[in-house]
Structures are given as structure tokens and as C-alpha cells.
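Please walk through this model with me, one site at a time.

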Amino acid sequence: MRTMQSSSVAPSTDEDAVSMTQVMDMMRTLQENVAASRSEQERMHEALVTSQARNEELNRINEELRKALQEREERVVGDRSAPPSPPRSFPMPFSQEIMDSVVPANTVAVKASFTEVEDPDAHLTVFHTQMMLSGGSDTVYCKVFMSTLSGTALDWFVSLPTGHITTF
């Protein structure tokens with residue numbers, strides 16, 4: 001004969017079945033939340049990697065700009081500390097008296113120009129006439145005359161020995 005033995009598992013009832021359904025629903029909800037959380041975590045990780053790469057790029061650009069600015073400042077400081085180069089000196093055939101004289105600001109500019117095509121005597125006549133109108137001294141005549149020469153005539157003029165010209 002069979003005897004009824006008590007088991008540790010109780011027979012299921014409708015109440016137990018409902019609660020089991022609820023547990024299953026809760027587990028599904030939890031699994032969905034875990035999946036959504038993993039998905040969000042992966043998205044945030046990708047955003048972090050992208051952000052770190054951008055940050056490294058910006059740091060590299062910032063360092064390049066900092067170096068360029070430093071080099072520029074060093075050049076500017078170097079330019080300030082370097083003595084200015086002396087003005088280029090050109091040989092002048094004028095005497096020291098003519099070189100020391102100053103051309104007045106109100107001296108009228110001479111429109112005559114000698115380019116070696118003109119008659120030299122005609123050029124001197126035009127120059128002298130225009131200078132008489134502005135009324136300059138002999139030293140002013142000398143300095144202004146030089147400004148009417150160009151080309152080979154100017155090259156010849158400045159090749160004359162220093163101090164060679166003492167008057168107009």
C-alpha cells in the first residue's frame with residue numbers, strides 16, 4: 001500500500017500561479033532594463049572615446065599655437081634687441097658744405113628730367129629757369145639738380161669723386 005509521504009514541494013495553487021506570473025513579468029522587465037542600461041552604457045562609452053579623441057586633437061592644436069606664439073614673441077624681442085642697421089651710404093660728389101645744407105620745404109619740385117635723350121644744354125636751361133622761380137641758393141641748386149638725373153647720367157654723376165663738386 002502506498003503511503004502518503006509529505007514532500008517539501010507543496011502543490012501549486014491559483015494564488016501561487018499568479019504570483020509566479022508576476023515574478024516572470026518582473027524578471028522580463030528587469031532584463032529589458034538591463035539591456036537598455038547596457039545599450040546606454042555603450043553609447044556613453046562611444047561618446048567618451050570620441051570626446052577624448054577631440055580633446056587630444058584640441059590639445060595638439062593648442063600646443064602648436066602656443067609654440068608659434070612663443071616663436072613670434074621671441075622674434076619680436078629679438079628684433080627689438082638687434083641694433084638697427086645703419087643707413088646705406090652712397091658716394092656723393094658734393095663738398096661737405098653742400099652735403100650739410102638743407103633743401104627748404106617750400107622749394108618747388110623741378111619738372112625737368114634728363115634721361116640722356118634730351119639735349120644737355122636744353123636740360124640745364126630748363127632746370128635753371130625753374131630753379132630761379134623757386135629762388136634757391138647755390139647749394140640747393142646742386143642738390144635739386146641731382147634729382148633731375150636718371151639712368152646712366154645719374155650713375156656717372158654719383159661716380160664722380162667725393163667732394164669734387166663745390167658749386168653749381
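Start with Thr 148. This residue sits in the loop that links helix H4 (138-146) and helix H5 (151-159). The model is a predicted one. Is Thr 148 buried or exposed? Its relative accessible area is 2%. Buried means under 20%, so Thr 148 counts as buried.

Now look at what surrounds Thr 148. Its side chain reaches the backbone oxygen of Phe 145 at 2.6 Å. Leaving aside residues up to four places away in sequence, Thr 148 touches Val 110, Ala 112, Ser 113, Phe 114, His 123 and Phe 127.

Pro 91 is found between helix H1 (14-81) and helix H2 (96-100). Here the relative accessible area is 48%. Exposed means over 50% and buried under 20%, with partly exposed in between, so Pro 91 is partly exposed. Which distance separates Pro 91 from Thr 162 in space? The two are 6.5 Å apart, C-alpha to C-alpha.

Last, turn to helix H1, where Val 23 lies. Val 23 has a relative accessible area of 38%. That value makes Val 23 partly exposed.

Key. Residues numbered from 1 in each chain as written. Predicted model: local features only at pLDDT ≥ 70, side-chain atom pairs only at ≥ 80, totals over all residues. Heavy atoms only, no water. Helix = DSSP H or I, 4+ residues; strand = E, 2+ residues; numbered from the N terminus. Buried < 20%, exposed > 50% of the residue type's maximum accessible area, 1.4 Å probe, protein only. Polar contact = N/O pair within 3.5 Å; in protein donor to acceptor, adjacent residues only side chain to side chain. Contact = heavy atoms within 4.5 Å.
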